[in-house]
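Here is a short walk through one structure.

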Amino acid sequence: MEDNLAEENRKLEFHLLEADEVYRIRMYGDPVLHEKALPIEAITEEEHQIAKKMLATMYSNPIGIGLAATQVGILKRLIVIDIDRDDPDNAPIVLINPEILEHEGESVIEEGCLSIPELKAEVKRPEKVIVSARTLDDEEIVIEDGSLLSRVLQHEIDHLNGVLFIDHLSRKKQKRLKAKLRQIRQEYAEIPA
Ligand SMILES: [Zn+2]
């Protein structure tokens with residue numbers, strides 16, 4: 001356990017060194033979370049810098065396994081994921097313009113979101129997805145997955161379309177979460193710097 005923690009800190013330290021600083025994660029109540037991100041036409045130094053800073057931001061949060069650019073107020077179609085963040089040998093993935101080509105099946109899994117702290121809910125989504133994207137090296141990749149990665153991909157791609165996981169819940173469930181959401185909105189409301 002301690003070893004794992006040390007390894008994890010090394011990963012965070014590495015990415016913090018790479019990025020110098022982290023982004024402020026936009027919280028529920030921030031209108032940017034409902035905006036649709038635009039496709040990235042060309043992968044430039046700017047995209048590399050954004051990705052580095054997003055990785056550092058994700059690792060800075062002890063439970064972060066995925067982050068979409070929308071969540072840091074950048075309306076570009078870019079996501080970062082590391083579903084094995086505790087494994088020092090597992091490299092994170094950075095996807096540009098990710099797109100779900102196909103989906104299959106159905107599964108119900110509990111989700112949470114760095115932008116909606118302390119709230120978890122079971123969400124029904126397709127079990128398996130085929131996603132196409134470009135890497136930071138401007139290569140096309142296709143990911144086919146039916147496990148946790150599939151779930152995180154769908155959650156993060158949703159963010160790029162201005163959709164939050166709570167938007168998938170039934171009206172009844174949303175109603176039940178209303179007070180909690182109002183509380184989060186107030187607690188994390190923009191504090192002027
Ligand atoms: Zn999220």
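Two strands pair if DSSP finds at least two bridges between them. Strands (E, at least two residues) and helices (H or I, at least four) are DSSP runs, numbered from the N terminus. This is a predicted model: local features need pLDDT of at least 70, side-chain atom pairs count only at pLDDT 80 or more, and totals for chains, interfaces and linings use all residues. Residues are numbered from 1 along each chain as its sequence is written.

Five strands form an open sheet in the order β1-β2-β3-β6-β7, with antiparallel pairing. β1 (66–68) and β7 stand at the edges with a single partner strand each, so one side of each has no neighbour in the sheet. From one strand to the next, the twist averages 35°. Axes here are lines fitted to C-alpha atoms, for helices over the stretch in contact, and angles run from 0 to 180 degrees between N-to-C directions.

Look inside the sheet. β2 (residues 78–81) and β3 pair in the antiparallel sense over four bridges. Ile79 has Leu95 of β3 as its bridge partner. Helix α2 (residues 45–60) packs on the sheet and touches β1, β2 and β3. Contact means C-beta atoms, placed from the backbone, within 7 Å.

Now turn to Asn97, in strand β3 (residues 93–104). Its phi is near 50°, a positive value in a residue other than glycine. Asn97 counts as partly exposed because it has 19 C-beta neighbours inside 10 Å. A residue is buried with 20 or more other C-beta atoms, placed from the backbone, within 10 Å of its own, exposed with 12 or fewer, and partly exposed in between.

Methods
Contact = placed C-beta atoms within 7 Å.
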